Amino acid sequence: MKTIFFLLLLLFSLLLSAQENPENSIRPKNNILKTNLTSIPFRNYQLTYERALGKRFSVVATYAMMPEGKIPLLTKFVDDEDLEDIQNPDDIQLKSNAITIETRLYMGKGYGRGFYLAPYYRYSSYEINNLTIDYPISLENQEEYNIPLEISGESSSNNVGLMIGVQTALGKKENWVIDAQILGAHYGTAKGNLHGIPPRDLSPEEQEIILQDIRELDIPLIEYDVTVNDKGANITLDGPWAGLRFAIALGYRF
């Protein structure tokens, strides 16, 4: 969090410097407020402020949040076979927050218009609750049965990345903009903990089966460590993290 506060302070100082520098008042309407249209169906709401510090250079800060609630479009991204192991998918609660700070180098018309390259830093956090997964248990001379684990936990990540995009001004007065964030990729580290609580104490055989089942999960680009005891499972995230960005945003210049 100290890194975030430092970057926000640096951004604020740059904005004050830009307002005091007469060279930055060559062209009016150097400020833009935007919202991401493509993230709304995912219940993710974003507000972006961009300030042009010159013809080619601007700084941008974005805050994104997903209020606690159902996972958007869960059935579209999870296979039916995997959903069979989840109890009451509609009861799962997810929330997230993210802060992104970027600098943009415009290569077109400038002053917030045309193609751009944007190095950026992003901090994000997630919290999940009410996720109950049935783990099948098969023991010798016994019928197979399920043990539900109620999963909850949180994680956070710090990433740096690069994005390419194009921003277009609309209307005779160029009061409106469309920001097409064509593709961004970031890489960094993540830390977090997930806890799985069973309805009763687990036997040593059940612990071993659940441990192996979780270890065999195929999660790309994420490292995790698993421990299981009679009270449940604990998953620790501490390793690399990667992600992509793309969006269409609508903004107002002033």
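I started with isoleucine 210 and listed its contacts, meaning heavy atoms within 4.5 Å. Leaving out residues up to four places away in sequence, isoleucine 210 touches Tyr135, Ile137, Leu149, Leu202 and Val228.

For the record, the model is predicted: local features need pLDDT of at least 70, side-chain atom pairs count only at pLDDT 80 or more, and totals for chains, interfaces and linings use all residues. Residues are numbered from 1 along each chain as its sequence is written, and side-chain values use heavy atoms, with hydrogens and water left out.

Next I looked up the nonpolar cores. I took a core as a set of buried Ala, Val, Leu, Ile, Met, Phe, Trp, Tyr and Cys residues joined through side-chain atoms within 4.5 Å. Buried is under 20% relative accessible area, exposed is over 50%, and partly exposed is in between (1.4 Å probe, protein chains only). The largest core has 22 residues, and Ile92, Leu131, Leu149, Ile210, Ile214, Val226 and Val228 touch the most other members. Two or more residues each come from β6, β7 (145–170), α4 (204–215), β9 (224–229) and β10 (232–253). β6 gives the most, with four residues. I also noted a second, separate core of five residues, among them Tyr106, Tyr116, Tyr120 and Met163.

For element names I used DSSP runs numbered from the N terminus: helices are H or I of at least four residues, strands are E of at least two. I found four helices and ten strands in the protein.

Then I checked arginine 113, in the loop between β5 (93–106) and β6 (114–137). Is arginine 113 buried or exposed? It counts as buried because its relative accessibility is 14%. Its side chain makes a polar contact with the side chain of glutamate 174 at 2.9 Å. A polar contact here is a pair of N or O atoms within 3.5 Å; within protein, one must be able to donate a hydrogen and the other to accept it, and residues adjacent in sequence count only if both atoms are side-chain atoms.

I placed leucine 170 in strand β7. Leucine 170 counts as partly exposed because its relative accessibility is 36%.

Of the contacts with a separation of 6 or more, 67% are between residues 24 or more positions apart.
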